[in-house]
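User: I am new to this structure and would like to know what the terms used for it rest on. Please go through them with me one by one.

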Amino acid sequence: MSDRFAYPQALPPEEFRRLGAMALDIAARHLETVADRPMRPHPPAEIQASILDQPLPEEGKAPEDILSFFETQIMPHARGNGHPGFMGWVISPPSHMAILTELPGVAMDSPCGGGGQGATYLEWCAIRWIKELLGYDTPDSHGLFVSGGSMANLTALAAARHAAAERAGWDMRRDGMRGAPDFKIYTSSETHACVTKSMELMGMGNSAIRLIRTDSNYRIDINELKNLIEKDIKDGSVPFCVVGSAGTVNTGAVDDLDALADLCQHNGIWFHVDGAYGAFGALDPERAGLFQGMERADSIALDPHKWLSVPFDCGCVLVRDRQNLRNCFSLTPAYIRSASEIGDDLGSPHEYSFQLTRAFRALKVWSTLSHVGARAFRETVSRHNTIATQLAKIVEESDDLELLAPSSLSIVCFRYAPPALAGDNERLNAVNRALVDLLQKDGRVYPSHTELDGRFALRANIFHYATDQSDVDALLDAVRRHGEALARRND
Ligand SMILES: *Cc1c(COP(=O)(O)O)cnc(C)c1O
């Protein structure tokens, strides 16, 4: 046998260990120093060029040079989600245990499309843990790790459409959308853009989306939804899915999921819950009531790469009846049949989604949950929600700050609104738009922003496991300091 380690794709064992220690050191240095570095990446032009314009090497380079380029040119220009002051979007820091298992995981390099291998059994175990956490562990329920919430939603909506087509006597897989029933989907105006993209990608067009307005709490208006469904059915359309939000990305609003479940049950419509951001919010005993009804969903999309702090990327789709995913996606050509038909009834992951070969995402979910444990995870979620509620209360009680949406989970939307600017929405928008930019550059805290009914909002999402009151105090302090200066400048 030839020397397996004499090829450039391989490293001799001693070399591998020595370089592995260097790589681990680079990771450790990053984790140790991330809280001292700016959170908004702004690689200077020459760094951008040094990254973009690298010539394709004709001859391979030394491993040390490759690691060093990565550490010096790429890593310093990271988005700062490892920093406890980071409160932007729905982006969490990575759990350390997941980082550590990634290296042996990719050494294993399992092609996670087929069943009957260690990686697949671990995936089914991690899926069951998530179902248990959410109280969704009914006998036929099942799920899969996918790239993110967008793919989880797309996968669930495709299954929903397939199930509705089947009920309507339409062979979706054979005939597609040509001449298909007039399918309609229902969701609130606060729904995530991935629902729109899914509808466009599925060839149904975004005009098949019925966007229902929300109430003053940014929750879907159930009566309007009910009336529209009745009207559409009367007009010959086929409602195939209602999407409820378990935590909207703007404000964290949770729809009345129980009412949505009732409505869907009554009309025989697939009930999907988009919990990409917020599904794990149900672990907070004080907020669990908000999620009542989620356990009745036909499918749930959620993102372990959000609240669970699993490094990117990792989404998860769950279905009440796994046969619905199989009906929509299973297509096993002869060349993989024997390998995938291993004698357990869960079969192979590729039968449940579009992807065939897949990354071993279950590993980082499993190692994170194994290390953190359910109790500490519940405590983290509860702590985030509590910190957000306290922040919202401070905002409400301050005459220079204005709460722009109720805060039910970890998100707080507010603005700097000193009495001098009262009523002047245009100037308030200008001041707060400039403010978020200054805050992000300042580098102690990092909120993002959104717009609510024409009002520009600072949006703080308490999402880092280590974020505490000192970060919230720093946020309030920075908002006031920069806000006052901006309001004065605008006079
Ligand atoms: C983040 C998010 C998505 C999209 O998930 P990705 O992981 O970014 O693809 C969908 N819906 C909601 C509510 C989200 O917060």
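Analyst: In this predicted model, helix 14 (residues 425–442) lies across strand 10 (411–416), strand 11 and strand 12. Helix 14 runs at about 30° to strand 12.

User: What is the order of the strands in the open sheet of 5 strands?

Analyst: The order is 1-11-12-10-9, and the pairing is mixed. Strand 1 (86–87) and strand 9 (401–403) are the edge strands, each pairing on one side only.

User: What makes strand 11 and strand 12 a pair?

Analyst: Two strands pair if there are at least two bridges between them. Strand 11 (residues 446–452) and strand 12 are joined by 5 bridges, so they count as a pair, and they run antiparallel. Within this pairing, His449 stands opposite Leu458 in strand 12.

User: Which order do the strands take in the open sheet of 7 strands?

Analyst: The order there is 2-8-7-6-5-3-4, again with mixed pairing.

User: Why do strand 2 and strand 4 stand at the edges?

Analyst: Strand 2 (142–146) and strand 4 (209–212) each have a single partner strand, so one side of each is left without a neighbour in the sheet. On average, neighbouring strands of this sheet are turned by 20° against each other, direction ignored.

User: How do you know that strand 7 and strand 8 pair?

Analyst: The cut-off is at least two bridges. Between strand 7 (residues 299–302) and strand 8 (residues 315–319) there are 4 bridges, so the two strands meet it; they run antiparallel. Ala301 stands opposite Val317 in strand 8.

User: Which helix packs on this sheet, and which strands does it touch?

Analyst: Helix 6 (residues 149–167) packs on the sheet. The strands it touches are strand 2, strand 3 (183–188), strand 5 (238–245), strand 6 (270–275), strand 7 and strand 8. The direction of helix 6 makes about 175° with that of strand 6.

User: Why is Ser198 called buried?

Analyst: Buried means under 20% relative accessible area. Ser198 has 4%, so it is buried. Ser198 is found in helix 8 (residues 193–201). Not counting residues up to four places away in sequence, it touches Ser150, Asn153, Leu154 and Leu157.

User: Why is Asp258 called partly exposed?

Analyst: Its relative accessibility is 24%, which lies between the 20% cut-off for buried and the 50% cut-off for exposed, so Asp258 counts as partly exposed. Asp258 is in helix 10 (residues 257–267). Leaving aside neighbours within four places in sequence, Asp258 is in contact with Gln292, Gly293 and Arg296. Asp258 and Ile394 are 136 residues apart in sequence and 31 Å apart in space, C-alpha to C-alpha.

User: How many aromatic pairs are there?

Analyst: The count comes to 9 aromatic pairs.

User: Which residues form one aromatic cluster?

Analyst: Phe86, Trp89 and Tyr446 form it.

User: How much space lies in the largest pocket, and which residues are the closest to its centre?

Analyst: About 1500 Å³ of space lies in the largest pocket. It is lined by 46 residues, and the closest to its centre are Ala23, Ala27, Phe70, Ile99 and Glu102. Helix 1 (13–33), helix 3 (63–74) and helix 4 (96–108) each supply at least two residues of the lining. Helix 1 gives the most, with 10 residues.

User: How many cavities of 30 Å³ or more are there?

Analyst: The count is 1 cavity. About 60 Å³ of space lies in the largest cavity, and the residues lining it include His30, Arg37, Met39, Arg79 and His83.

Terms used
Residues numbered from 1 in each chain as written. Predicted model: local features only at pLDDT ≥ 70, side-chain atom pairs only at ≥ 80, totals over all residues. Heavy atoms only, no water. Axes fitted to C-alpha atoms, helices over the stretch in contact; angles between N-to-C directions. Contact = heavy atoms within 4.5 Å. Phe/Tyr/Trp six-rings, centres within 6.5 Å; stacked < 30°, edge-to-face > 60°. 1 Å grid on protein atoms, 1.4 Å probe; cavity = no way out; pocket = protein on both sides within 12 Å on 5 of 7 lines; lining within 4 Å. Points joined across faces, edges and corners; volume = space filled by probe spheres on them. Buried < 20%, exposed > 50% of the residue type's maximum accessible area, 1.4 Å probe, protein only.
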